[in-house]
Amino acid sequence: MRRNNTPYFIKRIYTAINRFYVRRFIAPQFDQVGEGLEIAHPRNLVIFGRHIYIGNYAQIIAAPDNYIRFTTWPSKSQSGEIHIGHYCLISPGVRISAAQSIRIGDNCMFAANVYISDSDWHGIYNRIRPFRCTKPVVLENNVWLGESVIVNKGITIGENSVIGAGSVVTKNIPANSIAAGNPARVIKTINPNRRMLKRELLFKDAEHYFYNQDQMDLYMLGKNSIWNWLRGLMKPNNLD
Ligand SMILES: CC(C)(COP(=O)(O)OP(=O)(O)OC[C@H]1O[C@@H](n2cnc3c(N)ncnc32)[C@H](O)[C@@H]1OP(=O)(O)O)[C@@H](O)C(=O)NCCC(=O)NCCS
């Protein structure tokens, strides 16, 4: 598709159906959901297990060809849990799997295909019993994980830190660091005294934010006609 032919009112209907679907079918699968939860392609978010909590104004962007998965596994002694703070952004293909505990602070951003797990799921010398080798994972506030980052069990990543695309995090990363590589090493530091714009700013006036989103849709799609949209679905050409 080279152009979005969807008429504005169809987008409005689609958005309303999505919100209904999220309220009716997705929200009850969490143990707790904050206000303002937005999920793109909610049918492509797969939640398995209990004790999954998510804060206010989370933006979860699933995609039809790249599912997001939040998984907690119960074991004899404990049940895994996932706590996600406020204002977090989660991109297509992100997988978060907990056998024990994964805690994610506020304002965190995860690029596509990030994988976070607090378990090796099998032992090195015992490969038949699951849930071996678990250690809690903590991502403090405002952590940004680049595309395809892997965070191993037992890791803490400090506040404001950034992990470069494709990195594998095997050791703790201190606050205000930029780390990259496999295994991830600190390559730079962030000046904590500089003003940083965090995601929470977007939602300071949430009503205004959602109004702006709608106005953007109106601007982009307002001139699209239903006839041209239907024609594009049935007989696309190189202008579609
Ligand atoms: C981590 C990142 C933000 C750092 O950017 P930067 O500050 O401009 O870093 P630089 O390009 O100056 O790189 C500094 C050094 O780290 C290395 N480096 C940077 N990113 C790296 C990565 N992902 N893996 C391995 N090494 C990396 C560079 O090669 C360079 O090494 P050198 O000093 O030996 O030449 C950026 O490299 C990155 O990975 N961005 C991807 C973000 C992303 O996934 N966004 C998706 C949308 S949310």
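Strands, as the word is used here, are DSSP runs of at least two residues, numbered from the N terminus, and a residue counts as near a molecule if one of its heavy atoms lies within 4 Å of it. With these two ideas in hand, the reader can turn to the model itself, which is a predicted one.

In the protein chain, the secondary structure comes to 3 helices and 20 strands. The C-alpha atoms fill a box of roughly 65 × 45 × 35 Å when the box is taken along the principal axes, and of the 240 residues in the chain, 41% are buried.

Two strands, β19 (177–180) and β20 (185–189), each supply at least two residues of the shell around the ligand. The residues around the ligand include I178 and A180, together with I187 and K188, and among the others are A111, W144, G146, E147, G164 and A165.

In E147, a backbone N or O atom lies 2.7 Å from an oxygen atom of the ligand, while in A165 a backbone N or O atom lies 2.8 Å from a nitrogen atom of the ligand. K188 uses its side chain, a polar atom of which lies 2.8 Å from an oxygen atom of the ligand. Taken alone, the ligand exposes 930 Å², and the protein buries 42% of that area.

Another feature to find is the largest pocket, which has a volume of about 990 Å³. This pocket is lined by 30 residues, and those that lie nearest its centre are T15, R19, E38, I39 and Q213. The helices α1 (8–26) and α2 (206–221) and the strands β2 (38–40) and β5 (59–61) each supply at least two residues of the lining, and the largest share, 10 residues, comes from α1.

S91 is found in the loop between β8 (89–90) and β9 (95–98). Is S91 buried or exposed? S91 counts as buried because its relative accessible area is 12%, and buried means under 20%. A polar atom of the side chain of S91 lies 2.7 Å from the backbone oxygen of F110.

Conventions: Residues numbered from 1 in each chain as written. Predicted model: local features only at pLDDT ≥ 70, side-chain atom pairs only at ≥ 80, totals over all residues. Heavy atoms only, no water. Polar contact = N/O pair within 3.5 Å; in protein donor to acceptor, adjacent residues only side chain to side chain. Areas by Shrake-Rupley, 256 points an atom, 1.4 Å probe, with all protein chains shown as cover. Helix = DSSP H or I, 4+ residues; strand = E, 2+ residues; numbered from the N terminus. 1 Å grid on protein atoms, 1.4 Å probe; cavity = no way out; pocket = protein on both sides within 12 Å on 5 of 7 lines; lining within 4 Å. Points joined across faces, edges and corners; volume = space filled by probe spheres on them. Buried < 20%, exposed > 50% of the residue type's maximum accessible area, 1.4 Å probe, protein only.
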